[in-house]
Structure formats: structure tokens, C-alpha cells
Amino acid sequence: VTNSQNIEDIVKKYIHDNNVMVFSKSWCPYCKKVKAAFETANIEYYAIELDTMADGVKIEEELIRQTAQETVPNVFVNKQHIGGCDKTLVAMKEGVIDLLLTPRTTVTNGKMEVEEQNYNYDLIVIGGGSGGLACSKEAKYFDKKVCVLDYVKPTPVGTTWGIGGTCVNVGCIPKKLMHQASLIGEYVHDSEDYGWQELESARKHDWDKMIESIQNYIHSLNFKYRTDLRTKSVVYENSYGQFVGPHRLKLTDKKGKTKEITGKYIVVAVGGRPKYPDIPGDKEYGITSDDLFSLSYDPGKTIVVGASYVALECAGFLHGIGREVHILVRSILLRGFDQQMANRIGDYMKNIGIQFHEKCIPIRIERLEEGKPGRLRVYYQRETEDGKKEELYEDCNTVLFAIGREAITQELNLGAVGVKINQKNQKILTHYEQSSVDHIYAIGDCIHEVSMPFGQALELTPVAIQAGQLLAKRLFGDSTIKMDYKNVPTTIFTPIEYGTIGWSEEDAIEKYGEDNIEVFHSEFVPLEWSICKHREDVKTMCYCKLIVEKKTDRVIGFHVASPNAGEITQGYAVGMRLGATKRDFDMTVGIHPTCSEMITTLLITKSSGKSSKQEGC
Ligand code: FAD
Ligand code: NDP
């Protein structure tokens, strides 16, 4: 074999013809480890030893081209790239390999063929949140009998809410409105330099008024969702659903009344709920984002525990409306995001007065005074620079835990009907939303999507919605279009917003190699901030960067920290999806004067070592 087309075909054939394909080298201890693990698990595999083959080097080069993985073993399961030794062992432990090898029903015309029965419904969706509502309404376009269940278990302090799930009631919607409340506070500060008089002296924020406006809006959305389902003839059951058979669910309403229904297809869209740290006083005295957005009293001085999306956003708007905010950071800010950007967001927040306590975890909470909010003492442990642990405390009125969320799959009886979950995070293992049981699917925050590295289907509303709609089209229409979980744009609504698409700089270096990428960047001052005295210390902290693959000129990472980053990032996401090159960005004419135009004029590379500060107009 000599030409490259042949080699590509040969590699494809190995991957296609073998359920488990191991590209190995006879002397490699990691290859031996992976093969031994397959043998112990009784999983049949096919291995070729590249070092013993005439075309071994060429095959290895082709594998690097296809997978960007330079080491062996290089493992594929059911045509899907798994990775090297460590990734394969993790995938085995998490049940990913098992799921990929589970025989599926044949796909005909994009539809999964399931034996026809006399079911109550064509589709039952468990969970009336972003994904569940989208999926059930889409199924109705195909004139199917659809039922959606939605039930909210109260939080430890008794908060509950209506239909619509996390986004509408305790997530995106109230969060963005509170973010807006805090931005308005900043504009009031700005107003004096723009000639408005006496606004500054009138600056006092009323928590109760904000909650009333936001909750009224949320209730109007709950009403709209209920009537929308009625108009579309989707049956809505305000009941908690659990499997009692593969096609049969038990429904329990809030009075404890039960009934059973059956469905040909069942989609699990139960989302997640916030975690608690399991320390004394956490559930008695602490709250989470599930409580914050409808809190009937002003939270006052707040300690936020956690340093990711939810923590930084909540800390940001609470500070913006004038409350004292402290954040306990266990390790780094915004794990999984570009760390240069994460630290910029952190620096900005420190600069405007939010107090970060690094390397700190809470250990217990005591109540000092009853009341709403009352007074609490949070004891926490700090790891000092020499690795010692010291115990400290901080008094406050409210403690907000934002330490991550867990999929609420534990009480669904999934195991009893054969649906496999990732034991580590309780998420349902899915392959393009299909679980290990043919007619049971899952979407949204509760899935571990094995077609993505580390199962990462971002926990975002538009992801849940699009996955739900596409799934309904595949189940009931002629569509074969699958959800594309790659290049999903996202924005963190911190006081300075951070929008991103694609690779972080550190991940791009790991995947492509430092010499194969170029980073273009710029620090800039939004025009509208340039005449505001109170922005003086932070106005140069806006920043954008593009990460470009040198060989193809393709933009593989997009990052912007600026006002309105959410609005900016959404537009560029189309370009990134279409595979835009740096030249495409350069040839795009900017809109002047905006922050967004900076991204079309990036000339300074990081490797040049030149200053990234924007000069002049
Ligand atoms: P959910 O919306 O959580 O819906 C699941 C529903 O199922 C819930 O109503 C639940 O009570 C119900 N349920 C659970 N179990 C059962 C059962 N057994 N029977 C009946 N019903 C059941 N995403 C963004 O894109 N942008 C943002 O700005 C954003 N901000 C966020 C801010 C916060 C504070 C949080 C917490 C999340 C935010 N998200 C944001 C994430 C977004 O809210 C979620 O990704 C999205 O809501 C997930 O939708 P879902 O359909 O998977 O689940
Ligand atoms: P994450 O899981 O992303 O982050 C959890 C944070 O809590 C990390 O900083 C983690 O620190 C810290 N932590 C975990 N356990 C402890 C502990 N015991 N003590 C102290 N700190 C701890 O969760 P989030 O709740 O922030 O977000 C969940 C998802 O919701 C996100 O992935 C996102 O998809 C979605 N979301 C989207 C938003 C948007 O689109 N704007 C906004 C908000 C949420 P460490 O790094 O050390 O592990």
C-alpha cells in the first residue's frame, strides 16, 4: 500500500469492521493494559500491532491525522473514537463502552422501529423543563398522543415553583433579570458623567420590588406554558413519574394519589438540582439558586460558596444591587473554561469590590441571630501557601451554595428497566439521546452523551431545547438529523460578561500543539465607558482573543470579556459553525463604534509579545 487514499480507506475499514478496534504496539505497556482490561471484561476486540506491520508508520500517521492523538493504544468502539489507555479505562468504568456495544434496534428511515402496542400515549416526557416541553410540543406537530409530566420537589427551606423547569423558574430567566438590575445600578453611576442630575443620590435598591416584578413575569410564563400545552392538546400531568415497567410509569400527584400510564416512547428530561456540601448547618441555614430568585427577604451580606457559572453570576448581581458579597473559592475559577479569561473575570470582580477567599471550603454554619435574613457564622478552612490548613470564620446574613448540580435520576427506578447510568454523576448514558433501552431516550441536563468527549453535552437551555426538538423529528418524522453538541456558544453573565465558543487556549494547545496555533488578542475600552469616572479602574479590562489553527487558518476558539458579550457571541457562533477562517473575520466589516468590531480587527498575536492594548479609535 503506498498512496494516502488507500491508507485512509484501510484505517476506515479496520474501524468499520470491528466493534472494538485497538491500534496497538506489541511492546507498549499501555496497550497491554487496555487489551487485558477488555479480556477481563469479556469484551471481544480486534488489535493490530503497528510496529510489526509494513504500513504501521503510515497507519499511525493517518490515525494522528484523524484523531489528533499521537500515542497508542488508539481505541475505537462502534466506530467512535474513545482515546488512549486512560480514556478507555474510564469509559469502561463509566459504562460508556457497554452502552456503545449494546445492540440497537435497526434504524429505518431515521425511525427507531419499536413493536406496535396499545399504549396510552405515543410519547411520554418526564420533566416539563426546557428540553421536555420542546420535545413534547414538537411531537405534537406529527399529530401524536403526547403526555408531559412535571413535578417540583420543594427545596429544604420549602421553595417550589410552576411548570417550565429550571430555566424559567430558577435559572436563566430570573438570573438574567437580576443581572440587568445590577447593570442598571452601574448605569445610574455612569449617568452623572452623561449629564443626568440627582440620579446618584436617589440610588437605593428595593429587593422586594425586584422579586415582585420578576416573580410576576415568571408566573405569566408558567401560565403561558400551561395554556400552550392545552392548545396543542398535549396532556399535562402535575405528577412525579417513576418507571414501573419498560413502557409503564407510575404517577404520584401532590396529594399522594397515584395512577399508571403507558407510552410507546419515553423521554427522560428531569434536569438537575443544586448540591449541598454535607456540612453541619448546610440545609438548615444555607440556600441555593433554587431559593434565591424568589427569596421573600433581602439576603443582605452574602457568602457564596463555589466558583463556577452559578456562583460568579449570583455573586455578580448581588454585588451590583449593592449587597456585600464574599466568595469561597475551593480551587480555580470557572473550571473547564479558558483560564486566562476566567482570571480576567475574577480580577474584574475583585476590582469592583467582591471579596474572594481563595483555597477555602466551608466546614460548618452556625446561626447567631434568628430572623429573615438573620445572622450566620460560616466557619471555613483555608489552605495556606505552605499547604497548612487554618480555620477561619466570616459572619453574614445569607449563605448561598453554588457548588454544582446533580441529575435527579435516582428515584426513577431506571435500573429496574435496564437504563444505564454513569455511577459517578448519576447521569443517563446516552448515544445521541438514546439510552441503553431502545425506546427510552433522555435529553438536557440529565444526560452523559457518549458521542462527546467526557460525555459533555453542555448543561444549557438551548442545548436541551434543540436536542428535544431534533429527537421528536427523528422519532416521528423522516428526519435523521442529530444534535450537534460541538461549537455550542455560551455566555457567563458576570458583571463583565464572558462569551465563548470552541476551544480554550489550554485545550487548543493540548489538542493541536502550541506551535500549530496562533492567538490574536486585544484589550479594549468600550466607548460608552470611556467618559465614566467610576469605570476608571476597570475600563481597560475588556478583552477578546481568537485562537487560530495555523495550518487551516480556521478560528477554533473565540473569547470575549466585555459588556453585552452574550449578544456579541451569538452572532459569531454562526461563523464558527460554518468553519470561518481568520481571514473571514478580517474581511468582515466591523460596525463602528461597538465592542464587537474589535473581533474583526485583531492583528496582534500573543507570540509577537507586543502589547495587546487597543490604541485610538
Ligand atoms: P429542567 O429545566 O431542569 O427541567 C426538568 C423538569 O423536570 C423540572 O421541572 C423538574 O422538577 C421535573 N422533574 C424532575 N423529575 C421529575 C419526575 N420524576 N417527574 C416529573 N417531573 C420531574 N442555561 C442557559 O442556557 N443560559 C443561562 O443563562 C442559564 N442560566 C442558569 C442559571 C442558573 C442559576 C441555573 C441553575 C441554570 C442555568 N442555565 C442556563 C442552565 C439551564 O437552566 C438548564 O440547562 C436547563 O434548564 C435544562 O433543561 P432540562 O429540560 O434538562 O431540565
Ligand atoms: P459547576 O459544576 O460548573 O461548578 C461547581 C463549583 O463549585 C466549582 O467551582 C467547584 O469547585 C465548586 N465546588 C464543588 N464542590 C464544592 C465544595 N464541596 N465546597 C466548595 N466548592 C465546591 O456548577 P454550576 O452550578 O456553577 O453550574 C452548573 C451548570 O449550569 C453549568 O455547567 C452550566 O452549564 C449551567 N449554567 C449555565 C449558565 C449560563 O449559561 N450563563 C449560568 C449558570 C449555570 P472546583 O473547581 O474546585 O471543583
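# Cores, ligand shells and backbone exceptions

Tutor: Start with valine 304. Leaving aside residues up to four places away in sequence, valine 304 touches Ala311, Cys314, Ala315, Val325, Ile327, Leu400 and Ala402. This model is predicted, and local features need pLDDT of at least 70, side-chain atom pairs 80 or more, while totals for chains, interfaces and linings use all residues. Residues count from 1 along each chain as written, with chains lettered from A and ligands numbered from 1 in written order.

Student: What makes Ala311 a residue that valine 304 touches?

Tutor: Contact means C-beta atoms, placed from the backbone, within 7 Å. Ala311 is listed as touching valine 304, so that pair meets the cut-off.

Student: Which residues touch the most other members of the largest nonpolar core?

Tutor: Val304, Cys314 and Ile345, in a core of 79 residues. H12 gives the largest share of this core, eight residues. A second core of 75 residues is separate, and includes Val22, Leu63, Ala269 and Ala467.

Student: Why is that set called a nonpolar core?

Tutor: Because its members are buried Ala, Val, Leu, Ile, Met, Phe, Trp, Tyr or Cys, joined through C-beta atoms within 7 Å.

Student: Which elements each supply at least two residues of the shell around ligand 2?

Tutor: Helix H12 (309-320) and strand S26 (490-492) do. H12 contributes the largest share of the ligand 2 shell, four residues.

Student: How many residues surround ligand 2, and which are the closest?

Tutor: There are 25, and the closest are Gly306, Ser308, Tyr309, Gly404 and Glu459. A shell residue has its backbone-placed C-beta within 6 Å of the ligand. By class, the ligand 2 shell has 14 nonpolar, six polar and five charged residues.

Student: Which residues come nearest to ligand 1?

Tutor: Gly127, Gly129, Gly165, Gly271 and Gly444, out of 33 around ligand 1. Helix H6 (130-140), helix H7 (165-170), H8, strand S10 (240-245) and helix H14 (461-476) each give two or more residues to that shell. Its classes are 15 nonpolar, 14 polar and four charged.

Student: Which residues make the contact between H8 and H9?

Tutor: Ile173, Pro174, Leu177 and Ala181 of H8 meet Met210, Ile214 and Ile218 of H9. That contact has seven nonpolar, no polar and no charged residues.

Student: What makes alanine 68 partly exposed?

Tutor: Alanine 68 has 13 C-beta neighbours inside 10 Å. With backbone-placed C-beta atoms, 20 or more others within 10 Å is buried, 12 or fewer exposed, and anything between partly exposed. Hence alanine 68 is partly exposed.

Student: What is the phi of alanine 68?

Tutor: About 60 degrees, positive although alanine 68 is not a glycine. Alanine 68 sits in the loop between H3 and S3. Asparagine 413, also not a glycine, has a positive phi of about 65 degrees. Its loop runs between strand S22 (405-407) and strand S23 (428-430). Most residues other than glycine have a negative phi, and most peptide bonds are trans.

Student: How do you know that the peptide bond from valine 72 to proline 73 is cis?

Tutor: Its omega is near 0 degrees. Proline 73 is in the loop between helix H3 (56-67) and strand S3 (74-77). Histidine 592 and proline 593 are also joined by a cis bond, with omega about -5 degrees. Proline 593 lies in the segment after helix H17 (582-587).

Notes: Nonpolar A, V, L, I, M, F, W, Y, C, P; charged D, E, K, R; others polar. Contact = placed C-beta atoms within 7 Å.
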